[in-house]
Amino acid sequence: MLGGKSRPPTPPMGVASGQGSAEGGLVGGSGDGGASGDEGAYLLPVTTTTTVRDEHEDGKLHTVLSMSTDDYRKAALFATSSFDQDFQIPDLIGQTEILSEEHREKLCAHLPARAEGYSWSLVFSTSLHGFSLNSLYRKMHKLESPILIVIEDTDHNVFGALTSCSLHVSDHFYGTGESLLYKFNPHFKVFHWSGENLYFIKGNPESLAIGAGDGKFGLWLDGDLNQGRSQHCSTYSNEPLAPQEDFVIKTLECWAFV
């Protein structure tokens with residue numbers, strides 16, 4: 001072991017989400033109210049390149065350069081796998097009418113850890129099971145998995161939500177901060193939990209709401225899975241998911257990770 005003065009420890013490198021977490025399990029997002037595109041935003045220590053004189057046992061002074069901010073940023077990107085990598089897109093169990101390979105690739109980067117590595121299994125589709133919210137609830141009875149809701153409206157916009165658990169009728173809001181909203185048009189954006197409230201999911205036979213606040217809903221669907229609405233809401237601090245606040249559903253699919 002070297003004698004003399006010890007080298008000052010390198011400051012720890014931190015990677016944090018742009019949102020608060022009251023219930024755990026958030027995917028990193030940007031700091032602009034919860035929205036993120038294809039790249040996340042990371043909180044890194046503000047460090048400049050400094051010179052440290054370190055005296056070793058040989059009695060000589062050695063120059064040691066600390067990591068610069070850019071060095072930390074690069075290390076953080078490697079540590080969080082934010083560089084483009086080749087990875088296998090999960091297999092689909094069931095036929096999709098909406099999801100392209102590009103859609104799946106982009107969504108994979110925002111799945112909670114407990115959903116990674118699983119095949120995507122189609123548990124509900126309006127084309128197979130009809131336009132009925134009650135049918136959707138029945139198909140998810142006793143299912144334990146996050147649910148990916150994928151919607152294509154009659155104007156061919158694709159958007160939806162990832163819920164932390166299966167959907168069911170409840171008198172109160174349920175779910176965790178793993179839930180999110182997303183849209184593909186005109187560009188892919190994901191809206192993670194903002195930390196403002198806990199209004200993640202609420203369902204009854206007449207409607208399903210994902211995200212709420214001040215009388216507005218991030219995503220709202222009627223009992224016939226025909227009409228929908230998307231507004232800015234406090235839960236996800238999201239943009240409306242469709243160009244028009246009110247939309248008509250062409251196809252809706254729900255995928256589980258099992």
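A cavity here is a set of grid points where a 1.4 Å probe fits but cannot get out. Rolling a probe the size of a water molecule over the atoms shows where empty space is left. The model is a predicted one. By this rule, the count is one cavity of 30 Å³ or more.

**The cavity**

The space in the largest cavity is about 30 Å³. Its lining is made up of L107, H110, L111, L148, L162, L180 and Y182. By residue type, six of the lining residues are nonpolar, one is polar and none is charged.

**The chain as a whole**

The chain has four helices and 14 strands. Of its 258 residues, 43% are buried. Contacts between residues at least 6 apart in sequence join residues at least 24 apart in 60% of cases.

**Helix 2**

Which residues of helix 2 are buried? In this helix, which runs over residues 101-108, they are H103, R104, L107 and C108. These residues cover an arc of only 130 degrees around the axis, so they lie on the same side of helix 2. The cover over the buried residues of helix 2 includes strand 4 (92-93), strand 5 (120-125), strand 6 (147-153), strand 7 (158-163) and strand 8 (180-183). L107, one of the buried residues of the helix, is also among the residues that line the largest cavity.

V158 lies in strand 7. Its relative accessible area is 8%, and V158 therefore counts as buried, the limit being under 20%. Leaving aside neighbours within four places in sequence, V158 is in contact with I98, H103, V150, I151, E152, K183, F184 and N185. H103 in that list is one of the buried residues of helix 2. V158 and F184 are 26 residues apart in sequence, with their C-alpha atoms 5.7 Å apart.

D153 is placed in strand 6. Is D153 buried or exposed? With a relative accessibility of 2%, D153 is buried. Not counting residues up to four places away in sequence, D153 touches F159, A242, F247, V248, I249 and K250. D153 and F247 are separated by 94 residues in sequence, and by 6.5 Å from C-alpha to C-alpha.

F200 sits in the loop between strand 9 and strand 10 (201-204). At 0% relative accessibility, F200 is buried. E245 is in the loop between strand 13 and strand 14 (246-257). The relative accessible area of E245 is 39%, and this residue counts as partly exposed. Leaving aside neighbours within four places in sequence, E245 has contacts with G228, R229, S230 and Q231.

The table lists the sequence and C-alpha separations for the pairs of this report.

| Pair | Apart in sequence | C-alpha to C-alpha |
|---|---|---|
| D153 and F247 | 94 residues | 6.5 Å |
| V158 and F184 | 26 residues | 5.7 Å |
| F200 and Y236 | 36 residues | 8.8 Å |
| E245 and H232 | 13 residues | 9.5 Å |

**Backbone exceptions**

Most residues other than glycine have a negative phi, and most peptide bonds are trans. Where does the chain depart from this pattern? H156 has a phi near 70 degrees, which is positive in a residue other than glycine. H156 is in the loop between strand 6 and strand 7. L225, also not a glycine, has a positive phi of about 50 degrees. The loop between strand 12 (216-222) and strand 13 (227-229) holds L225. L225 is buried, at 0% relative accessibility.

The peptide bond from N185 to P186 is cis, with omega near 0 degrees. P186 belongs to the loop between strand 8 and strand 9 (189-192).

**Cysteines**

A disulfide is a covalent bond between the sulfur atoms of two cysteines. How many disulfides does the model contain? The count is zero. C165 is partly exposed, with 23% relative accessibility, whereas C254 is buried at 0%. C108 is among the buried residues of helix 2.

Conventions: Residues numbered from 1 in each chain as written. Predicted model: local features only at pLDDT ≥ 70, side-chain atom pairs only at ≥ 80, totals over all residues. Heavy atoms only, no water. 1 Å grid on protein atoms, 1.4 Å probe; cavity = no way out; pocket = protein on both sides within 12 Å on 5 of 7 lines; lining within 4 Å. Points joined across faces, edges and corners; volume = space filled by probe spheres on them. Nonpolar A, V, L, I, M, F, W, Y, C, P; charged D, E, K, R; others polar. Buried < 20%, exposed > 50% of the residue type's maximum accessible area, 1.4 Å probe, protein only. Helix = DSSP H or I, 4+ residues; strand = E, 2+ residues; numbered from the N terminus. Arc of directions from axis to C-beta. Contact = heavy atoms within 4.5 Å. Disulfide = S-S within 2.5 Å.
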